Structures are given as structure tokens and as C-alpha cells.
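Please look at the structure below with one subject in mind: the pairing of charged side chains. The paragraphs that follow lead through several such pairs in turn.

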Amino acid sequence: MASFAKIENNIVIAVHSVVNEVLKDLNGIEQENIGIEFLKTLYNEPNAIWKQTSYNTVGGVHLLGGTPFRKNHAGIGYTYDSQRDAFIPQKTYNSWILNEETCNWEAPVARPELTQEQINNKNYYKWNEETLNWELING
């Protein structure tokens with residue numbers, strides 16, 4: 001299955017799946033534009049904006065070793081950035097910074113590693129926007 005994001009004002013408002021066979025040209029090669037035309041016709045929305053997205057792409061890495069596609073799999077509420085040709089998730093916290101390589105938001109302070117004892121106790125770190133630091137939460 002291929003995934004396509006419907007975009008309005010650079011925001012993903014829907015993600016739809018299309019059977020791969022629909023995307024193939026006369027030579028059997030999958031083409032994004034064929035999927036886009038299929039969706040425009042299916043929903044009778046000739047002016048809709050659709051972009052293909054890869055379920056297996058996260059942070060600019062293809063999880064199965066293939067070629068990464070548009071940095072991240074699109075989700076509802078994500079931004080499509082045409083300059084980067086990337087889907088960017090919603091910003092979690094105001095202080096977080098966009099990583100240009102992954103197109104994901106990162107805390108301005110690296111999260112500390114948990115010790116094995118903390119893991120065993122089911123502790124975890126949670127971002128505290130007031131202190132701009134990680135807070136250890138006891139599990």
C-alpha cells in the first residue's frame with residue numbers, strides 16, 4: 001500500500017492508502033502523480049493537494065533500509081514544508097528546536113540516560129517546559 005497526505009494550507013488534514021497497483025504506469029513503475037490523479041478523481045476534488053508519504057520513513061531514515069522519503073511519514077496535523085520537501089510533526093513544546101536533518105523537534109537539552117536500576121523501577125524522564133530540563137519520574 002502507498003500512503004498519500006491531503007494538504008490544505010501546508011497542513012496535513014488526512015492520510016489515505018492506495019493499492020500499489022493503482023500507481024503503476026504502462027511499464028509497471030509506480031508513479032506518485034498517478035496516485036495523486038487517482039485520489040483527485042476518486043474524491044472529485046481536482047484542486048486538492050496530495051503528496052505521497054512513506055510509512056517506513058522516520059527522521060529521514062527508512063526503517064527497512066530503503067530510500068527515505070520526505071523525512072517523516074505524514075500524520076494529521078503535520079506541516080508539509082515544500083522547501084525541505086518534508087513532513088514535520090507538530091511542535092511539542094515551545095522551547096524545542098527543529099532538527100534540520102531529521103525534521104523532528106528536539107529538546108534544547110539532551111535527555112539523560114536511565115540507569116539499569118531506574119529502568120527496573122520503571123522510571124522515565126519527562127520534559128519540564130517551565131525549567132527547560134528533563135525531570136525524572138518515578139514509576
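Glutamate 32 counts as partly exposed, at 22% relative accessibility; here buried means under 20% relative accessible area, exposed over 50%, and partly exposed in between (1.4 Å probe, protein chains only). Side chains of opposite charge can pair when their charged atoms come close.

The model is predicted: local features need pLDDT of at least 70, side-chain atom pairs count only at pLDDT 80 or more, and totals for chains, interfaces and linings use all residues. Residues are numbered from 1 along each chain as its sequence is written, and side-chain values use heavy atoms, with hydrogens and water left out.

Glu32 and Arg70 also belong, with Asp85, to a network of salt bridges. The structure holds six salt bridges.

Another of these joins the side chains of lysine 6 and glutamate 45, at 2.7 Å from N to O. Lysine 6 lies in strand 1 (residues 2-8) and glutamate 45 in the loop between helix 1 (32-42) and strand 3 (49-53), so this pair ties together parts that are 39 residues apart in sequence. Helices (H or I, at least four residues) and strands (E, at least two) are DSSP runs, numbered from the N terminus. Lysine 6 is buried at 12% relative accessibility, whereas glutamate 45 is partly exposed at 29%.

How values were computed
Salt bridge = Lys/Arg side-chain N within 4 Å of Asp/Glu carboxyl O.
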